[in-house]
Amino acid sequence: KFGSSVLEREADYARAVQEIYRHVREGEKVVAVVSALAGETDSLFAQAEAVGGEAPPAALVARLARVGELRSAALLALSLARVGL
């Protein structure tokens with residue numbers, strides 16, 4: 001799991017790729033889980049409140065918040081593809 005303490009900025013995906021590659025090189029199968037970049041979830045929550053008011057529907061806030069994780073997963077996949085994984 002690569003959380004926001006590891007993924008603070010886009011350049012940190014290279015560190016995650018190194019760690020994943022280390023395990024792959026040892027013959028392990030890897031499932032990597034990523035969180036949104038540091039601060040992104042808070043930003044999305046603030047956006048939800050700004051647009052949806054003080055008490056927006058929780059399901060819609062969750063839908064918006066997952067955008068951070070989806071974006072992060074795509075960025076990690078791009079980083080992995082760059083090194084041939």
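1. On the surface of this predicted model, Tyr-21, Val-24, Val-30, Val-83 and Leu-85 form a nonpolar patch with about 380 Å² of accessible area together. Patches are built from residues with over 30% relative accessible area and no salt bridge, where nonpolar side chains (Val, Leu, Ile, Met, Phe, Trp, Tyr) are joined within 5 Å and like charges within 9 Å; a salt bridge is a side-chain nitrogen of Lys or Arg within 4 Å of a carboxyl oxygen of Asp or Glu. Accessible areas come from the Shrake-Rupley method with a 1.4 Å probe, and for residues only the protein chains shown count as cover.

2. On conventions, residues are numbered from 1 along each chain as its sequence is written, and side-chain values use heavy atoms, with hydrogens and water left out. Because the model is predicted, local features need pLDDT of at least 70 and side-chain atom pairs count only at pLDDT 80 or more, whereas totals for chains, interfaces and linings use all residues.

3. Leu-85, one of the patch residues, lies in the segment after α3 (58-82) and is partly exposed, with a relative accessible area of 39%. Helices (H or I, at least four residues) and strands (E, at least two) are DSSP runs, numbered from the N terminus; buried means under 20% relative accessible area, exposed over 50%, and partly exposed in between (1.4 Å probe, protein chains only).

4. The largest nonpolar core has 10 residues, namely Phe-2, Leu-7, Tyr-13, Ala-16, Val-17, Ile-20, Val-34, Leu-37, Leu-76 and Leu-80. Two or more residues of this core are given by each of α1 and α3, and the largest share, four residues, comes from α1. Such a core is a set of buried Ala, Val, Leu, Ile, Met, Phe, Trp, Tyr and Cys residues joined through side-chain atoms within 4.5 Å.

5. Ser-35, in the loop between α1 (13-25) and α2 (40-52), is buried at a relative accessible area of 15%. Its side chain makes a polar contact with that of Lys-1 at 2.5 Å (a pair of N or O atoms within 3.5 Å; within protein, one must be able to donate a hydrogen and the other to accept it, and residues adjacent in sequence count only if both atoms are side-chain atoms).

6. Ser-4, in the segment before α1, is partly exposed, with a relative accessible area of 35%. The C-alpha atoms of Ser-4 and Arg-82, 78 residues apart along the chain, are separated by 22 Å.
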